[in-house]
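Grab a pencil and work through these exercises with the structure open beside you. Try each task before reading its solution.

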Amino acid sequence: MKVFETFRSFEDFMGYVFLQKERKAYSKELKFAFYICRMISIVVGTNRKQSVSGQVAQYYKTILDSKHEGDSQIVDLADLPSDFLDNALYEHNGKNKIFNGVRDKVQSSDKLVFIVPEYNGSFPGVLKAFLDGLKYPEGLRHKKSALVGISSGPQGGVLAMSHLTDIFNYLGMHVLALKPKLAGIEKNFDGRQITNDLYNQMLQEQVEQLIKF
Ligand SMILES: Cc1cc2nc3c(=O)[nH]c(=O)nc-3n(C[C@H](O)[C@H](O)[C@H](O)COP(=O)(O)O)c2cc1C
């Protein structure tokens, strides 16, 4: 699409988009650009089938959709092809169509929410492998993100989110400071809704901050 080829950086492109918006000069490309710019993707940070993280992502989406005017979507790492380690990374980068579909959803979003389950005191290895398959170095650069940690134990993914924040900052992605830690998730989530008032308050607050971020 021509409009995308004219700009050196995403920020240049965004400047153009908002100028055209002020002028109310809506072309077909611009409408598509607005659609992309307003998309918030909620990434389920594990490929475990029927994960609690996936259910929390659904719940998060209901909060987000009640406050955000643009679109949102869930990107579940459970949709990655099970053999992607063999045929989507390194010299195979870009060759696996199913992997690329998941990757494109992430790379074309302006903002991202990561639901991060705590696995062995950190975030799941599959999430790191997925990140290693993104376009480097520009895959996440200049995007904005929010993290939600969940765990069975008392830490609420605090270390997992800290490890991930280091990586995201290294890749040039901004991470919202407010990172809800949903510890003891089995006691505070019934599969559909978070039942802990403080957790709900933190999630609502995070969504509001992410929209303004
Ligand atoms: C491989 C693995 C490692 C885990 N390690 C921890 C851990 O270190 N600390 C903890 O509190 N919970 C740990 N858990 C529990 C998860 O944090 C918990 O089940 C949470 O609900 C998210 O998992 P899910 O999204 O895969 O369902 C682990 C679970 C798995 C599958």
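**Exercise 1.** In this predicted model, find which residues of H6 are exposed and which are buried.

*Solution.* Start with the exposed side: Lys97 and Asp104 sit there. Now turn to the buried residues of H6, which runs over residues 97–107: they are Phe99, Val102 and Arg103. These three cover an arc of only 100° around the axis, so they lie on the same side of H6. Finally, look at what covers them: strand S2 (72–76) and helix H5 (84–87) are included.

**Exercise 2.** Check whether the length of H10 agrees with its number of residues, then sort out its buried and exposed faces.

*Solution.* Step one is the length. H10 has 16 residues, and at 1.5 Å a residue they should span 22 Å; the end C-alpha atoms are 23 Å apart, which agrees.

Step two is the buried side, made up of Tyr199, Leu203, Gln206, Val207 and Leu210. Their arc around the axis is only 100°, which puts them on the same side of H10.

Step three is the face turned away from that side, where you'll find exposed Asp197, Leu198, Gln201, Glu205 and Lys212. As for the cover over the buried residues, it includes H4, S3, S4, strand S6 (181–182) and helix H9 (185–188).

**Exercise 3.** Work out which residues have the most contacts inside the largest nonpolar core, and follow one of them.

*Solution.* This core has 41 residues, and Tyr60, Val113, Ile115, Val116 and Val148 have the most contacts inside it. Elements that each supply at least two of its residues include helix H4 (52–67), strand S3 (111–117) and strand S4 (144–150). Now pick Tyr60: setting aside neighbours within four places in sequence, Tyr60 touches Ile42, Val113, Ile115, Val148 and Leu203.

**Exercise 4.** Decide whether Val44 is buried or exposed, and say why.

*Solution.* First, locate Val44: it belongs to strand S1. Next, count: 28 other C-beta atoms lie within 10 Å. The cut-off for buried is 20 or more, so Val44 is buried. Beyond four places in sequence, its contacts include Ser51, Ala57, Ile74 and Ile115. Last, compare sequence with space: Val44 and Pro117 are 73 residues apart in sequence, yet their C-alpha atoms are 8.7 Å apart.

**Exercise 5.** Describe what surrounds the ligand.

*Solution.* There are 16 residues around the ligand, the closest being Ser51, Val52, Ser53, Pro117 and Gly153.

Note on methods
Residues are numbered from 1 along each chain as its sequence is written. This is a predicted model: local features need pLDDT of at least 70, side-chain atom pairs count only at pLDDT 80 or more; totals for chains, interfaces and linings use all residues. A residue is buried if 20 or more other C-beta atoms lie within 10 Å of its own, exposed if 12 or fewer, and partly exposed in between; C-beta atoms are placed from the backbone. Helices (H or I, at least four residues) and strands (E, at least two) are DSSP runs, numbered from the N terminus. The arc is that of the directions from the helix axis to the C-beta atoms. Two residues are in contact if their C-beta atoms, placed from the backbone, lie within 7 Å. A residue is near a molecule or strand if its C-beta atom, placed from the backbone, lies within 6 Å of it. Ala, Val, Leu, Ile, Met, Phe, Trp, Tyr, Cys and Pro count as nonpolar, Asp, Glu, Lys and Arg as charged, and the others, Gly among them, as polar. A nonpolar core is a set of buried Ala, Val, Leu, Ile, Met, Phe, Trp, Tyr and Cys residues joined through C-beta atoms within 7 Å. The expected span of a helix is 1.5 Å times one less than its number of residues.
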